[in-house]
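Thank you all for coming.

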Amino acid sequence: MTPHVQVRSISPPSEGLGRALGLRGKVLGSPASDFAFLSLGTVVGLFSTVDYNRNMTLEELVACDNAAQKMQTVSAAVEELLVAAQRQDRLTVGVYESAKLMNVDPDSVVLCLLAIDEEEEDDIALQIHFTLIQSFCCDNDINIVRVSGMQRLAQLLGEPAETQGTTEARDLHCLLVTNPHTDAWKSHGLVEVASYCEESRGNNQWVPYISLQER
């Protein structure tokens, strides 16, 4: 049966698309030129949805349910880990603060979280920082996760809803969980997240993504 193809909100190729493809190439370790052969038809195909006008099979339903449960488990593990790490002074907060620590003592970093919400995706400066941090983490075998849900993140770390006077809100876009060499600190959340990162790399997803839900 010939599939019916539905194309959703596809715009002509632009410089932004080229940057996005180039960024993906860098993250996956491939030069941006590898994506230069993509034609408009191919790009449209990448963002197309194939509808075979049929219901999902039992196996597909089970797979979707398992994936959703896995995401909930990992999200809960990340939340548990961040709270525990901050309580025990094992959390570095901020893009610049994280960059300094990784430059001085990368071996102490056991997890890097890059947090961003959809409305910030067009922040070019932030994306450049993320690209450099991702590259550094990959080169130094540091587990890395992309996270959305900045409000939930602020809630977990006890950030005030509004800053007053000279108080400056912390930059939550980059968080490092550290484990000093003199300590053998273990956390259930850390083990769960590390396992998820390893599993994702096995599926060629080098920077897995999770979403923190507001409560």
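Let me start with a definition: a disulfide here is a pair of cysteine sulfur atoms within 2.5 Å, and by this rule the count comes to zero disulfides. Cys138, for instance, is in no disulfide, and the nearest cysteine sulfur, which belongs to Cys137, is 7.0 Å away. Cys174 is likewise in no disulfide, with the sulfur of Cys112 as the nearest cysteine sulfur at 4.1 Å.

Please keep in mind that this is a predicted model, in which local features need pLDDT of at least 70 and side-chain atom pairs count only at pLDDT 80 or more, while totals for chains, interfaces and linings use all residues. Residues are numbered from 1 along each chain as its sequence is written, and side-chain values use heavy atoms, with hydrogens and water left out.

Are these two cysteines, Cys138 and Cys174, buried or exposed? Taking buried as under 20% relative accessible area, exposed as over 50%, and partly exposed as in between, with a 1.4 Å probe and protein chains only, Cys138 is partly exposed at 36%, whereas Cys174 is buried at 0%. Across the chain, buried residues make up 35% of the 215 residues.

As for the fold, the chain has seven helices and seven strands, these being DSSP runs (H or I, at least four residues, for helices; E, at least two, for strands) numbered from the N terminus. In order from the N terminus, the elements run β-α-α-β-α-β-α-β-α-β-α-β-α-β. Finally, with contact meaning heavy atoms within 4.5 Å, 81% of the contacts between residues at least 6 apart in sequence join residues at least 24 apart.
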